[in-house]
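Here's a quick briefing to read with the model open beside you. Have a look at the fold, then work through the points below.

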Amino acid sequence: MQSPLDKLTPDQILRLARIVAIVTAVALGFGYVTDLLTPMSAGIGSFVLTCSLLLAAPRQRATELLGAVAVWQCFAEFLSTLESNEFQLWRLAVSVATLGMAMAVIRVQHLRALMRSHPETVLADLDRRTVGGIGVLPPTDAELVQLRKIEATGL
């Protein structure tokens, strides 16, 4: 007997995650506006929203997604404060801490991948945030010309 999971594709998971992310965001927004959201339900909702967003946008950087969720949560808490005249510090703290724990798991997974692929390489040499080895400093004129040549030729 085959399991339904045997026929599940990554694209189906992506579409389902998008639906779950939208429903969770609407539910959290409603909970903030009506002030029915407890710290525990805010933490659970934040976790579900985080997981569904990470699955729904696989090409987006996780730090950007989680940063956007943190900004959204702070804004929702601010709107809730305007409505109820009471700031729920614990609710916001639990929500943001949930995002922090998700980010910690993502960082640990990244380090595990680096340990498998480059066990003897210094971490500073593995910085992937550079474009063509340019680094963090702005590119010089010669580097810009070289990059433009590469882009123009399509190499």
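What follows covers confidence, the helices, the core and a few residues worth a look.

This is a predicted model, where local features need pLDDT of at least 70, side-chain atom pairs count only at pLDDT 80 or more, and totals for chains, interfaces and linings use all residues. Residues are numbered from 1 along each chain as its sequence is written, and side-chain values use heavy atoms, with hydrogens and water left out.

**Confidence**
- The protein chain has a mean pLDDT of 85, and 88% of its residues reach 70 or more; pLDDT is the predictor's confidence in each residue, from 0 to 100.
- Among the chain's elements, helix 2 has the highest mean pLDDT at 94, while helix 5 (residues 141-153) has the lowest at 77. Helices here are DSSP runs (H or I, at least four residues), numbered from the N terminus.

- L14, A17, A21, T24, L28, G31 and Y32 are the buried residues to look for in helix 1; buried means under 20% relative accessible area, exposed over 50%, and partly exposed in between (1.4 Å probe, protein chains only).
- Their cover includes helix 2 (39-56), helix 3 (62-84) and helix 4.

**The core**
- The largest nonpolar core has 12 residues, including A21, L28, Y32, L49, V69 and M103. Such a core is a set of buried Ala, Val, Leu, Ile, Met, Phe, Trp, Tyr and Cys residues joined through side-chain atoms within 4.5 Å.
- L49 touches A21, T24, A25, L28, V69 and W72, leaving out residues up to four places away in sequence; contact means heavy atoms within 4.5 Å.

**T98**
- T98 sits in helix 4 (residues 89-117) and is buried, at 15% relative accessible area.
- A polar atom of the T98 side chain lies 2.8 Å from the backbone oxygen of V94.
- Not counting residues up to four places away in sequence, T98 touches G43, S46 and F47.

**Two loop residues with positive phi**
- D35, in the loop between helix 1 and helix 2, has a phi near 60° without being a glycine, and counts as partly exposed at 29% relative accessibility.
- N85 isn't a glycine either, yet has a positive phi of about 60°; this residue lies in the loop between helix 3 and helix 4 and is exposed, at 70%.

How values were computed: Polar contact = N/O pair within 3.5 Å; in protein donor to acceptor, adjacent residues only side chain to side chain.
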